[in-house]
Amino acid sequence: MTPPLYAPGSVRGITIKQPWAACILHGDKRVENRPRAWTPGWRLLHAGAETDRQALRDPLVARTVRGVELPTRAVLGVVRITGSHTDTGEPCSPWAQPDHVHLVLADVHALALPVPWRHGQLGPWRVPLAVYERVLAQLPPQLHAMLPEIAS
């Protein structure tokens, strides 16, 4: 059996339920709420299998995703985590939730076509090389220079 091939080690996936993933990709959500900090770096933004139906009732979320498809079980874009901070009680963003670590997001790029992938998880996960290659094929050339190269 051939061992699986993965994207460069510095690139990981981050799984986020819909509609939160769409709020990042198509809105101004630049804070992701997590129980602990993550290392800064590029992440492939993956929509998990489940949709947070209750979140769709939030007016901020509803306005942001109006008319936007909410695909699940797919990589939908790339994002860079630039840092994180612990909730101080003073909201850093309308998207920030109290009692969470806030991952600060930048350089958000939505893909034109979702890349199917069924196996996300809550923590950072290794990205299969085939998925990474399909994502890279959809990104503009200027972004390629910022992402880790694939060893040949």
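W117 counts as partly exposed, at 23% relative accessibility. The model is a predicted one. It holds two aromatic pairs and zero disulfides.

**Aromatic pair W117–W125**
- The ring centres of W117 and W125 lie 6.5 Å apart.
- Their planes meet at 20 degrees, so this pair is stacked. Planes under 30 degrees apart count as stacked.

**Aromatic pair W20–W95**
- The count of aromatic pairs comes to two. In the pair W20 and W95, the ring centres are 6.4 Å apart.
- The planes of W20 and W95 stand at 90 degrees, so the pair is edge-to-face. The cut-off for that label is over 60 degrees.
- W20 belongs to helix 1, residues 20–26. W95 sits in the loop between strand 4 (74–86) and strand 5 (101–116).
- The pair therefore ties together parts that are 75 residues apart in sequence.
- W20 has a relative accessible area of 17% and is buried. W95 is buried too, at 4% relative accessibility.

**The loop around W95**
- S93 lies in the loop between strand 4 and strand 5, and the loop between these strands also holds W95.
- The side chain of S93 reaches the backbone nitrogen of W95, at 3.0 Å.
- S93 counts as buried, with 13% relative accessibility.

**Charges over rings**
- R80 places its charged end over the ring of W42, 6.0 Å from the ring centre.

**Cysteines**
- A disulfide needs the two sulfur atoms within 2.5 Å. The count is therefore zero disulfides.
- Is C23 buried or exposed? C23 is buried, at 0% relative accessibility.
- C92 counts as partly exposed, at 41% relative accessibility.

Definitions and conventions. Residues numbered from 1 in each chain as written. Predicted model: local features only at pLDDT ≥ 70, side-chain atom pairs only at ≥ 80, totals over all residues. Heavy atoms only, no water. Buried < 20%, exposed > 50% of the residue type's maximum accessible area, 1.4 Å probe, protein only. Phe/Tyr/Trp six-rings, centres within 6.5 Å; stacked < 30°, edge-to-face > 60°. Helix = DSSP H or I, 4+ residues; strand = E, 2+ residues; numbered from the N terminus. Lys NZ or Arg CZ within 6 Å of the ring centre and 35° of its normal. Polar contact = N/O pair within 3.5 Å; in protein donor to acceptor, adjacent residues only side chain to side chain.
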